[in-house]
Amino acid sequence: TIANYSAHVDQVKVMGDVNGNSVVAWSQREAPNFGYYSLWSSEKTSATDWSVPSLRENNLYDVKRISLGVDGTGIFTLIWQQPSTIYYARYTGSWTVSTVLAPVAITDSLSAAFSSNGEIVAAWTQADNGNGSLYASRFVPTSGWSTEPPFTTTANTVKHGPLVAVN
């Protein structure tokens with residue numbers, strides 16, 4: 001057991017690397033009124049048990065659409081939305097500060113894919129002037145995240161969220 005909470009836990013994501021290191025991340029409805037979901041994580045190495053759960057993000061807005069991945073060097077990346085911004089943080093024995101990946105208007109989807117060489121693709125739909133537009137950003141370890149224009153800019157609405165994969 002990592003933790004035994006009476007609060008509502010949702011969106012549990014678990015990822016391990018080839019060296020036996022693992023990260024679990026989840027959203028948890030917070031007290032006192034259980035009105036919003038914050039982001040929590042716990043980590044373990046091949047030599048240790050699970051760490052005491054730690055709060056990753058808690059700013060009184062729901063954490064949504066959690067993605068968790070790991071590259072071939074054992075760097076874990078956590079991506080999430082909260083509320084009109086997409087954030088990410090990286091774990092290499094300790095967590096980096098939560099950083100803005102992209103500001104979004106309104107989104108109901110977020111998908112991310114992680115490659116063994118450290119590259120990441122994140123894609124999401126976003127309500128732009130009443131239209132559903134498709135966006136994506138690519139992370140390259142040597143240069144960081146790209147900023148791309150939307151793939152769709154017409155009055156057509158993207159009806160379903162993206163699914164991404166990398167090879």
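Visitor: How many of the eight residues of strand E2 (residues 22-29) are buried?

Guide: This is a predicted model in which local features need pLDDT of at least 70 and side-chain atom pairs count only at pLDDT 80 or more, while totals for chains, interfaces and linings use all residues. Residues are numbered from 1 along each chain as its sequence is written, and side-chain values use heavy atoms, with hydrogens and water left out. Strands (E, at least two residues) are DSSP runs numbered from the N terminus, and buried means under 20% relative accessible area, against over 50% for exposed and partly exposed in between (1.4 Å probe, protein chains only). On that scale strand E2 is mostly covered, and the number of its residues that are buried is seven.

Visitor: Which residue in E2 stands opposite Lys13?

Guide: Two strands pair if DSSP finds at least two bridges between them, and strand E1 (residues 9-16) is joined to E2 by six bridges in an antiparallel arrangement. The two strands form a hairpin with five residues between them, and Gly20 in the turn has a positive phi of about 90°. Opposite Lys13 stands Ala25.

Visitor: Which strands stand at the edges of the sheet, each with a single partner strand?

Guide: The open sheet is formed by four strands in the order E1-E2-E3-E4, with antiparallel pairing. One side of each edge strand is left without a neighbour in the sheet, because each has a single partner strand, and these edge strands are E1 and E4 (54-57).

Visitor: What is the bridge partner of Ser41 in E4?

Guide: Strand E3 (residues 37-44) pairs with E2 in the antiparallel sense over eight bridges, and Gln28 stands opposite Ser38 in E3. E3 also pairs with E4 in the antiparallel sense, over three bridges, and there the partner of Ser41 is Ser54.

Visitor: How many residues apart in sequence are the parts that the pair of Trp124 and Tyr135 ties together?

Guide: Rings of Phe, Tyr and Trp (its six-membered ring) pair if their centres lie within 6.5 Å, and planes under 30 degrees apart count as stacked, over 60 as edge-to-face and the rest as tilted. Trp124 and Tyr135 form a stacked pair, at 6.0 Å centre to centre and 5° between the planes. Trp124 lies in strand E10 (residues 120-128) and Tyr135 in strand E11 (residues 131-140), so the separation of the parts they tie together is 11 residues.

Visitor: Why is the pair of Phe139 and Trp145 tilted?

Guide: Phe139 is buried at a relative accessible area of 6%, and Trp145 is buried at 16%. Their ring centres are 5.3 Å apart, and the pair is tilted because the angle of the planes is 55°.
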